[in-house]
Amino acid sequence: AFDELKNALAIYRSIGDDFGTAVTYLNINYYQGFFCDQATIMKELDLALQQARKLGNPYHMFKVLFRRAWTYASNGQYEVSQHDFTEALNIANQNGFRELAASCIGSLGVLAFFRGEFAESKDGCAEGDRHAQAGRGLHHGDLHAESEARLTWVVRGPPGPMRRARVRAAR
């Protein structure tokens with residue numbers, strides 16, 4: 001699959017297809033998330049963001065920023081993650097992507113949890129859930145379930161294996 005993605009990228013670049021290039025960079029990153037080291041993943045995400053900015057498609061920029069924010073958060077780089085989530089939220093708000101905005105708000109709540117800001121985390125996740133309930137869009141049910149799970153995670157703690165890893169890391 002990776003070779004096919006690289007071939008697709010080469011083809012899109014050779015014909016000057018900016019959208020195909022942008023989407024392929026993001027797909028390469030999704031693939032590499034399972035098989036590559038963090039430095040490679042971040043390099044590809046940076047390339048995906050450069051291409052998304054060049055393309056100027058707000059939905060694609062949101063997707064890349066959101067993915068990049070979560071990747072930085074999982075690597076403990078919370079300031080960059082906060083910046084990317086905030087930029088993605090601004091894009092969502094400016095373009096009427098209410099459901100995406102709700103996901104961003106809830107994700108900022110989880111990011112606060114990672115930083116140990118527990119009251120802010122609970123408030124942020126609850127705010128994301130309120131936005132999800134108000135969205136009533138195509139994915140409303142899924143988004144509401146996602147935001148409820150995020151709020152539960154923050155209030156009760158992460159699921160089993162993740163909780164154990166965080167407890168070990170805190171020792």
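Analyst: Buried means under 20% relative accessible area, exposed means over 50%, and partly exposed lies in between (1.4 Å probe, protein chains only). This is a predicted model: local features need pLDDT of at least 70 and side-chain atom pairs count only at pLDDT 80 or more, while totals for chains, interfaces and linings use all residues. Residues are numbered from 1 along each chain as its sequence is written, and side-chain values use heavy atoms, leaving out hydrogens and water.

User: How many salt bridges does a search of the whole structure find?

Analyst: Side chains of opposite charge can pair when their charged atoms come close. A salt bridge is a side-chain nitrogen of Lys or Arg within 4 Å of a carboxyl oxygen of Asp or Glu. Searching the whole structure for such pairs gives six.

User: How many residues apart in sequence are the parts that the Asp46 and Arg68 pair ties together?

Analyst: Helices here are DSSP runs (H or I, at least four residues), numbered from the N terminus. The side chains of Asp46 and Arg68 meet in a salt bridge, N to O, at 2.5 Å. Asp46 belongs to helix H3 (residues 38–55) and Arg68 to helix H4 (residues 58–74), so the separation of the joined parts in sequence is 22 residues.

User: Which helices hold Glu87 and Arg53?

Analyst: Glu87 and Arg53 form a salt bridge, with their closest N and O atoms 2.6 Å apart. The pair ties together parts that are 34 residues apart in sequence, because Glu87 lies in helix H5 (residues 78–94) and Arg53 in helix H3. Glu87 is buried at 18%, whereas Arg53 is partly exposed at 40%. In that order, the helices are H5 and H3.

User: Are H5 and H6 roughly parallel or antiparallel to each other?

Analyst: H5 and helix H6 (residues 98–114) pack at an angle of about 160°, with their axes 9 Å apart. Angles under 35 degrees count as roughly parallel, over 145 as roughly antiparallel, 65 to 115 as roughly perpendicular and the rest as oblique. H5 and H6 are therefore roughly antiparallel.

User: How many residues of the contact of H5 with H6 are nonpolar?

Analyst: Contact means heavy atoms within 4.5 Å. Residues making this contact include Phe85 and Leu89 of H5 and Leu108 and Phe114 of H6. Five of the contact residues are polar and none is charged, while the nonpolar ones number 12.

Technical notes:
Helices (H or I, at least four residues) and strands (E, at least two) are DSSP runs, numbered from the N terminus. Axes are lines fitted to C-alpha atoms, for helices over the stretch in contact, and angles run from 0 to 180 degrees between N-to-C directions. Ala, Val, Leu, Ile, Met, Phe, Trp, Tyr, Cys and Pro count as nonpolar, Asp, Glu, Lys and Arg as charged, and the others, Gly among them, as polar.
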